[in-house]
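Okay everyone, thanks for coming. Have a look at the picture, and then I'll talk you through two parts of it.

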Amino acid sequence: MNVAIEVQNLRCEFRVRTGLMSAEKRVVAVDDVTFSIAPGSVLGIVGESGCGKSTLARLILGLLKPTSGTVLVDGKRLFDLDRKARARLIQPVFQDPFASLNPRRRIKDIVALPLVAQGTFSRGEIERRVGSILERVGLSAAMGERMPAQLSGGQRQRAAIARALVLEPRIVICDEPTSALDVSVQAQILNLLADLRRDLGLTYLFISHNLAVVEHVASEVAVMYLGRFVERNETDALFREPGHPYTRALLESVLTPEPGKGVPDIGLGDAMPDPANIPPGCRFNPRCRIAVERCRHAAPAPMFRAPAGMVECHLA
Amino acid sequence: MSALLEIEELQVGFGGRTAAVRGASFRVEKGETHCLVGESGCGKSVTALAVMSLLARGGQRSAKRMSFAGTDLLSLSDREMARLRGNRMAMIFQEPMTSLNPAFTIGSQMTEVLTRHKGGTRAAALDRAAELMGRVGITAPGMRLGQFPHQLSGGLRQRVMIAMALMCDPELLIADEPTTALDVTVQAQILRLLATLKRELGLSILLITHDLGIVARVADHVSVMYAGEVVERAPTAELFRAPQHPYTRGLLSCVPVPGRVQRDKPLGSIPGVVPAIGPGFAGCAFRSRCSHADETCAHEIPRRQAGEAHDYLCRLAPQSAEPQPA
């Protein structure tokens with residue numbers, strides 16, 4: 001199969017102390033995650049806060065060192081490459097465009113920085129590339145002269161996208177790129193990301209807690225729970241026929257703008273997932289409505305699910 | 001029905017330079033959930049703070065009428081307002097971590113509200129706190145009362161905030177984006193809780209949100225705010241069935257709806273950004289982003305009636321319901 005990025009058995013553990021005298025605890029933030037994305041496709045990752053989705057993004061970007069596992073881009077092991085080579089292949093867009101842009105630099109200098117850091121581009125080339133990418137994301141040359149604080153949230157996110165794309169990477173990791181934006185602006189940014197993917201042949205890993213947004217942009221969706229992919233499938237199949245009870249609960253909890261339907265009872269209970277105390281058996285069993293005895297001591301193995309996915313549930 | 005909270009032509013400005021709220025009018029009926037919906041900077045939070053007399057220093061408030069259960073809020077002294085606040089009208093905020101004091105236990109923060117407004121012993125107040133925590137779905141309230149805010153999850157902290165707001169049996173609960181910082185699964189639980197409390201305690205709720213999904217599911221009436229004005233008011237079902245103001249229509253087309261997604265088509269979006277509104281701004285604030293705008297939009301805009309309890313601020317004549325653009 002033709003793949004743009006391949007992630008194999010990625011695992012990340014943190015050792016934390018909860019108090020001065022207490023023993024060290026192992027927190028498994030990402031637990032044996034394997035997937036690949038075809039060129040030009042979008043893999044959406046959904047899950048609650050603390051499920052490890054942002055840790056996964058940081059691992060793939062090389063900002064964190066995994067405990068084990070590999071990431072291959074174009075067949076090259078990402079962790080063997082130096083930072084400059086990695087930056088040419090893969091780039092991030094983060095949630096809060098205000099926190100991710102240096103407040104003391106002009107927008108055009110921020111966008112130029114990845115090119116400058118490579119050390120191989122002439123000044124004229126840098127100027128040309130920055131000008132064309134700013135135009136491509138819908139920012140005027142005058143905007144390039146401004147400071148981040150002088151831009152609106154949507155314009156700042158456009159600048160962050162321009163910075164991510166100026167090196168013409170193959171893969172863009174979008175970590176909650178529209179969560180800090182208003183709905184009208186969110187729609188503008190989602191439409192821009194879709195256009196850019198089509199025109200430039202980009203591959204996205206798209207992380208979001210908003211299922212409606214993921215359904216709109218992703219060709220394939222993975223549901224993450226306590227560090228593991230518990231279900232993955234083509235978007236339409238996953239939304240039409242979710243196999244995992246957690247996926248079903250997530251889908252039920254989406255409040256669509258349909259008056260009169262009330263707020264659904266998703267019955268997940270109050271047992272919040274804690275990555276420092278992953279329950280034995282199926283990790284979802286304390287919150288699961290349909291758990292049986294087997295779920296409490298045997299962890300389910302991944303099973304194939306039509307048309308092209310997997311699910312980890314004894315009862316699926 | 002009779003109105004519990006009536007706001008007419010509320011104006012809020014900061015230092016004479018920015019007009020945050022420009023003539024907002026709405027009423028919250030007894031026992032209903034009224035949603036103020038709009039995007040950041042539209043003045044919805046400032047409106048709530050103005051009602052509670054909690055505006056930041058330098059904020060000036062004026063209104064034609066502001067009444068709560070027959071009391072004229074405009075004529076109250078600071079001290080009289082303080083007796084009302086937290087007592088008969090309570091408020092919860094978006095981020096419960098920043099509204100709870102990290103240095104005091106949950107129990108001491110919850111009891112303070114009651115002993116301050118109603119007197120009584122600390123033991124009685126603790127009993128009341130434990131009872132309300134059970135009511136908002138917190139298990140083992142006895143243990144939670146002795147804990148500090150950082151020991152609780154986000155969902156639990158928001159439940160504590162709600163329980164604390166209920167300590168004095170308020171008639172009105174103002175909730176400013178109460179679930180925005182929470183996961184969708186927890187959000188559903190908190191919203192269900194608010195709906196139950198409204199039904200069982202006869203509480204009126206003024207819910208401030210940017211999320212049209214929440215509005216559709218919990219509101220009885222809706223006021224849509226844009227640039228400091230209420231641009232459309234309607235019963236919830238009617239607003240979603242037959243939105244009139246171009247901004248309301250645009251906003252509805254921006255929201256991706258699960259199950260109705262057409263991935264190859266772009267989402268609807270509203271071009272441009274909210275303009276800076278200074279004092280003396282005239283005409284429709286949405287005209288620079290509106291595809292129906294013409295030169296008449298720079299003048300005074302009529303408030304048109306589209307139904308018995310449905311009006312909107314636009315020169316366009318009402319249109320009948322049409323299928324939502326997907």
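Helices (H or I, at least four residues) and strands (E, at least two) are DSSP runs, numbered from the N terminus. This is a predicted model, where local features need pLDDT of at least 70, side-chain atom pairs count only at pLDDT 80 or more, and totals for chains, interfaces and linings use all residues. Residues are numbered from 1 along each chain as its sequence is written, with chains lettered from A and ligands numbered from 1 in the order in which they are written.

Let's start with strand S8 of chain B, residues 172-176. What does S8(B) pair with? On one hand there's strand S7 (residues 89-92) of chain B, parallel to S8(B) and joined to it by four bridges; Ala175(B), for instance, partners Ile92(B). Then there's strand S9 (residues 204-209) of chain B, also parallel, with five bridges to S8(B). There, Leu172(B) has Ser204(B) as its bridge partner.

Is S8(B) buried or exposed? Five of its five residues are buried (20 or more other C-beta atoms within 10 Å of their own, C-beta atoms being placed from the backbone). In a regular strand the side chains alternate between the two faces of the sheet. Here Leu172(B), Ile174(B) and Asp176(B) sit on one side, Leu173(B) and Ala175(B) on the other.

Now, the chains together: 37 residues of chain A are in contact with 39 of chain B (C-beta atoms, placed from the backbone, within 7 Å). On chain A's side, H7(A) gives the most, with seven residues.

Notes. Contact = placed C-beta atoms within 7 Å. Buried ≥ 20, exposed ≤ 12 C-beta atoms within 10 Å, placed from the backbone. Pairing = 2+ DSSP bridges.
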